[in-house]
Amino acid sequence: MKPRAVLAATAAMVVCTVCSIAWLVSVRAQTSTSTIQHPPGAYANVNGIRLWYETEGHGEPLVLVAGGPGDPHTVFHLFFSRLADRQQIVYFDEFGVGKSDRAKSSREYSFASDVANLEGLRKTLGLAKMNLLGQSYGGMVAQAYALKYPQSVERLILVDSFYSAQMWQANDDNSNREIQNQYPEAWAKLQKLRATGLRSSAPEHQAIYDSIPLGLFYFYDASKTALLPGDPSNNDVYYAIAGDDADFTIGGDIASLDFRADLRKLTMPILVIAGRYDRISLPQFALKYKTYAPQASFVMMEKSGHFPYIEEPQKMLSVLRDFLGKPIPDGQPSSAKPGPR
């Protein structure tokens, strides 16, 4: 099963539950029609392509990198608007995703280009430094970026992410065990397809995956699945970067990634967040961030799966405010500045 931030289904997303039941009812009414109030947006010309971005708020920039590969920025609406009173929130769609340009050939999509495009976006928006948050696959982009451009990262936040291809593969294996155990009928169909030589990128394969409730993999409370956005992912991006059989055997660019030996070299403040009931990024492996990045703060969200900002928004808000509000190590004011709106 794909360790992606969004699968193309269901309604739209929850914002932080600060206003209790009345607020939640209003959000459900809004998201039930798949209407998300987007902040102002524009196109940034980056490395010869156009990337769509949106910004809201003022203060130090917090740039959000969505999962996938191939998921749109809308996975972060509406929760992160709650931080816009103290941060400038920057949402964007990766190359091939959402409103951003599409490639003429899927061979143009790569992990390296996602990292390079993030740097290009930073420059285009005029950000001297940025707080960087990556969720799921987006956390891998964020880790690679922080290692390559440490001078441009004020703080690094990783949410239910992966530190290596080995970790991703272990989670693929777990997802398939879950299917085999809980949905043996679907598993039998998958095996018949695979026996014909089809790989997991095949539409027939995907149709079976889409029949399995996302709550099995992504949530502590399966009913929260209804709060995911309905904006579609781009499977072309996913399978170009992760390999054409990525739901069983990780391949493509992801297969060569391994940040474990280098994470301890990072000197900016780091926050790692994991969901106790995440069956896509398993706590068994996520806890090893404490070994590979001992300088990082680690928070386990005890009633969350892959999307803690959906399932435990109040706690998530508190954790992020605390981390983003701490002074940077040298005690100097941030050199980050807001980009154009």
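In which sense do β1 and strand β2 pair, and over how many bridges? The views below of this predicted model start with that pair.

**View 1. Strands β1 and β2 side by side in the sheet.** The two strands, β1 and β2 (residues 49-56), run antiparallel to each other and are joined over six bridges. Look for A42, which stands opposite Y53 in β2.

**View 2. An open sheet of eight strands.** From one strand to the next, the twist averages 25°.

**View 3. Helices α2 and α3 on the sheet.** Helix α2 (residues 111-124) packs here, touching β1, β2, β3 (60-65), β4 (87-92) and β5 (130-135). The direction of α2 makes about 115° with that of β1. Helix α3 (residues 137-148) also packs on the sheet, where it touches β3, β5 and β6 (153-159). Its direction makes about 145° with that of β5.

**View 4. Helix α5 and its buried residues.** Spanning residues 184-195, α5 has 12 residues and reaches 16 Å from first C-alpha to last, close to the 16 Å expected at 1.5 Å a residue. Its buried residues are A186, W187, L190 and L193. Seen down the axis of α5, these fall within an arc of 120°, so they line one face of the helix. They pack against α4 (165-182) and α6 (203-210). On the other side of α5 you will find E185, K192 and A195 exposed. After the helix comes G197, with a positive phi near 100°.

Note on methods: Residues numbered from 1 in each chain as written. Predicted model: local features only at pLDDT ≥ 70, side-chain atom pairs only at ≥ 80, totals over all residues. Heavy atoms only, no water. Helix = DSSP H or I, 4+ residues; strand = E, 2+ residues; numbered from the N terminus. Expected span 1.5 Å × (residues − 1). Buried < 20%, exposed > 50% of the residue type's maximum accessible area, 1.4 Å probe, protein only. Arc of directions from axis to C-beta. Contact = heavy atoms within 4.5 Å. Pairing = 2+ DSSP bridges. Axes fitted to C-alpha atoms, helices over the stretch in contact; angles between N-to-C directions.
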